[in-house]
Amino acid sequence: MDLLEYQGKQLFARAGIRVPEGEPASDVEAAVAAAEQIGYPCVIKAQVQIGGRGKAGGIKVAKDASEARTHAEAIIGMDIRGPRGEGPFRVREVWVEQASEIDAEYYASIILDRSEKKSLAILSRMGGMNVEEIAENDPDALVQRHLDPVDGLSLNLARELSVDAGIDEDVVGGVAEILVSLSKAFDELDATLIEVNPLIVTAAREVVALDAKVTIDNSALFRHEDIAGLDDLSDEDPQERMAKERGLTYVKLDGNVGILGNGAGLCMSTLDVVANAGGEPANFLDAGGGSKADAIVDALEVITSDEKVTAVLFNIFGGITRCDEVAKGIIEAYSRVDMDVPLVVRLDGTNSEEGLRLLAEADLDGLEVSGTMLGAAERVVELANV
Amino acid sequence: MSIIVGEETRLCVSGLTGREGSFHGLRNRDYGTDLVAGVTPNKGGQEVEGVPIFDTIAEAVTERGANTSMIFVPARFAASSIDEAIDAGIETVIAITEGIPVHDMLGTYWKAKEADVRLIGPNCPGALSPGKANVGIIPAQFFERGSIGVVSKSGTLTYQIGNELKQAGLGNSSIVGIGGDPIVGSDFIDILELYENDDETELIVLVGEIGGDAEERAADYIAEHVTKPVVAYIAGFTAPPGKQMGHAGAIISGSSGTAEAKKQAFEAKGVRVGRSPSEAAQIAADTLA
């Protein structure tokens with residue numbers, strides 16, 4: 001779960017990390033009121049779960065109420081794309097915060113390093129927007145240290161990191177303390193990423209987190225009810241919301257071939273095979289390992305509610321999933337959903353003969369059966385592009 | 001021989017009294033796996049279809065000589081069950097449970113490493129050595145005994161490839177699902193090493209997915225340490241770019257993680273990559289012909 005900047009900052013404040021004073025606002029009036037209360041200059045910051053907000057025009061400084069209004073009007077409702085074209089993410093909320101006088105900008109993060117199976121602390125005296133470029137061109141400017149899985153980050157190690165990173169001498173202690181707090185928060189919050197970019201030194205030589213990117217492990221949300229309950233206003237795609245409500249793993253894509261597979265790997269592979277056959281997948285939908293009839297009905301409803309979809313492929317290899325259950329789900333779905341697009345079904349594996357027999361008996365309009373994954377992919381692409 | 005599970009496996013199942021645990025544990029026994037015990041706290045003394053239940057894994061080890069533990073308990077308790085198995089002196093732990101918090105697995109991973117216990121998973125389908133033993137949820141009917149070792153991040157994709165190999169008249173020494181979680185006990189490299197040293201294995205099929213750099217590291221390892229032919233398949237060429245929050249992930253992983261990067265890493269080291277599961281199976285069949 002990716003937190004919004006202000007949600008992350010509120011967690012930082014609780015962990016004893018200094019952040020600028022601010023208020024969230026979800027409409028222009030509330031944003032102006034927040035600005036009036038905080039005073040000027042203040043910063044209006046788009047709250048979306050993606051980097052590159054500044055470059056996209058989602059962060060503006062206001063010197064007075066009229067500027068605050070102008071910026072809030074421009075930012076609330078705008079669509080922001082990530083640096084790799086992710087999104088768009090519609091801005092539903094802004095965070096209005098006190099502007100900071102910046103003496104120096106650093107970069108600090110704690111991340112889970114899958115390869116080494118350890119957390120990794122990264123610190124750089126060169127903060128700001130282009131940290132990836134620094135990583136490529138000047139890797140020595142990024143100091144990295146793996147943390148002991150039991151002991152975490154000690155204050156001594158944090159000081160060492162700060163000195164190695166070339167942090168200004170007078171704030172080495174302050175930066176080290178923040179690193180230790182970030183590392184503690186990383187463990188206590190079940191985070192997989194905590195990034196502060198920039199971590200600033202103010203004109204008064206205080207160390208302040210000016211940004212917060214926090215990702216919490218979804219599997220651990222059961223022990224963080226306060227975080228699990230946070231609003232996620234940016235998750236607004238109708239199909240994705242519908243899928244979430246029904247407990248399905250669904251990702252919306254741009255194409256017109258609706259896809260359902262069982263198991264994430266087989267489903268990804270199905271997207272690839274459809275693309276190889278010249279088609280464009282409309283979605284990724286993993287019906288899971290033990291798909292029952294109800295799940296199939298739900299899945300078909302979600303897929304066909306996307307108006308772009310002109311044909312659907314069901315690629316099922318039954319292991320734990322029983323193909324006769326899937327067939328029953330399809331037949332049930334036809335009686336409940338108004339199916340106006342063709343469906344190509346490939347059923348193989350456990351109880352596939354029984355499943356295929358049920359489908360043949362039901363003789364459903366617009367349903368075709370294919371014996372192989374490749375054949376099914378080719379056929380659905382043909383049907384989708386008629 | 002075969003790897004991970006075989007005739008010497010003496011299995012105890014944590015969670016055998018649960019619905020899923022009993023279904024799959026007993027299915028494993030029906031296949032011929034030596035299921036010696038179940039473990040559920042406070043249910044010691046009971047039986048499930050003739051299998052004795054103990055309160056602790058330690059008792060299953062001393063009373064029944066269990067050497068392999070399958071973890072089928074709910075996610076929030078699963079890491080401590082793995083820890084329990086390690087402390088009890090189990091040699092191989094196979095964790096099927098999905099959704100174990102990553103921070104729980106960090107500690108457990110290193111505990112297993114230090115105790116030199118082989119951990120497979122979590123969130124994996126388990127391991128099957130056809131004709132010998134099956135521990136986990138792999139449907140054994142799609143696999144014949146033979147000389148191809150399979151190691152995979154994905155369950156259903158493995159069944160798909162196994163079935164294609166079977167139709168081509170080929171069988172498997174073992175099939176190992178390592179799981180796709182951020183922290184897994186055994187990576188591709190660990191399993192490649194076992195297959196390289198396994199007499200029964202003549203060729204290795206590796207099934208990868210986008211994310212992480214386990215495939216890239218496997219490619220380097222194969223070039224240096226594996227003499228047997230390896231065929232790879234990668235899923236996720238058309239997967240959407242994951243939205244990236246910060247920069248830290250890109251800093252540590254560079255360009256790796258995409259299916260294309262993984263394919264290139266393998267091909268640069270002379271490993272052939274199938275474009276579909278069928279093609280991967282076909283390449284394997286041609287190589288052995």
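Modeller: The bounds of a domain come from an automatic or database domain assignment. With that understood, we may turn to this model, which is predicted.

Colleague: Which domains does the assignment of chain B give?

Modeller: Chain B is assigned domain 1, residues 10–120, and domain 2, residues 126–288. Taken over C-alpha atoms, the centres of these two domains of chain B are separated by 25 Å. Their contact draws 18 residues from domain 1 of chain B and 14 residues from domain 2 of chain B.

Colleague: Which elements of domain 1 of chain B give two or more residues to the side that touches domain 2 of chain B?

Modeller: They are helix 1, strand 5, helix 4 (102–115) and strand 7 of chain B. Helix 4 of chain B provides the largest share of that side, five residues. By class, the residues on this side of domain 1 of chain B comprise 12 nonpolar, five polar and one charged.

Colleague: How should I read the sheet of chain B, and what is its strand order?

Modeller: The sheet is open, with seven strands in the order 3-4-2-1-5-6-7 and mixed pairing. Strand 3 (47–48) and strand 7 (118–120) of chain B are the edge strands, each pairing on one side only. Helix 1 (residues 19–31) of chain B packs on this sheet, where it touches strands 1 (10–14), 2 (34–39), 3 and 5 (68–71) of chain B. The direction of helix 1 makes about 160° with that of strand 2 of chain B.

Colleague: How many bridges join strand 3 of chain B to strand 4 of chain B?

Modeller: There are two, and strand 3 runs antiparallel to strand 4 (residues 51–54) of chain B. Within strand 4 of chain B, P52(B) is the residue opposite E47(B).

Colleague: Turning to chain A, what is the strand order of its four-stranded open sheet?

Modeller: The order is 1-6-2-3, with antiparallel pairing. Strand 1 (22–25) and strand 3 (59–62) of chain A form the edges, and the twist averages 20° from one strand to the next. Helix 3 (residues 65–75) of chain A packs on the sheet, touching strands 2, 3 and 6 of chain A, and its direction makes about 10° with that of strand 2 of chain A. Five bridges pair strand 2 (residues 42–46) with strand 6 (residues 94–98) of chain A in the antiparallel sense.

Colleague: How is a pair of packed helices described?

Modeller: In chain A, the axes of helix 10 (residues 293–304) and helix 11 (residues 323–336) come within 7 Å and cross at roughly 50°. Helix 10 of chain A is therefore oblique to helix 11 of chain A. The crossing of helix 10 and helix 11 of chain A is right-handed. Among the residues that helix 10 of chain A brings to the contact are I296(A), V297(A) and L300(A), while helix 11 of chain A contributes residues including V326(A), I330(A) and A333(A). The contact has eight nonpolar, one polar and four charged residues.

Colleague: Finally, how many residues does each chain give to the contact of chain A with chain B?

Modeller: Chain A gives 58 residues and chain B gives 50 residues. Several elements of chain A supply at least two residues each, including strand 7 (102–113), strand 10 (191–202) and helix 13 (373–384) of chain A. Helix 9 of chain A gives the most, with 10 residues. The side of chain A that touches chain B divides into 26 nonpolar, 18 polar and 14 charged residues.

Terms used: Residues numbered from 1 in each chain as written. Chains lettered and ligands numbered in written order. Predicted model: local features only at pLDDT ≥ 70, side-chain atom pairs only at ≥ 80, totals over all residues. Pairing = 2+ DSSP bridges. Contact = placed C-beta atoms within 7 Å. Axes fitted to C-alpha atoms, helices over the stretch in contact; angles between N-to-C directions. Parallel < 35°, antiparallel > 145°, perpendicular 65-115°, else oblique. Left-handed = near helix turned anticlockwise from the far one by under 90°. Nonpolar A, V, L, I, M, F, W, Y, C, P; charged D, E, K, R; others polar.
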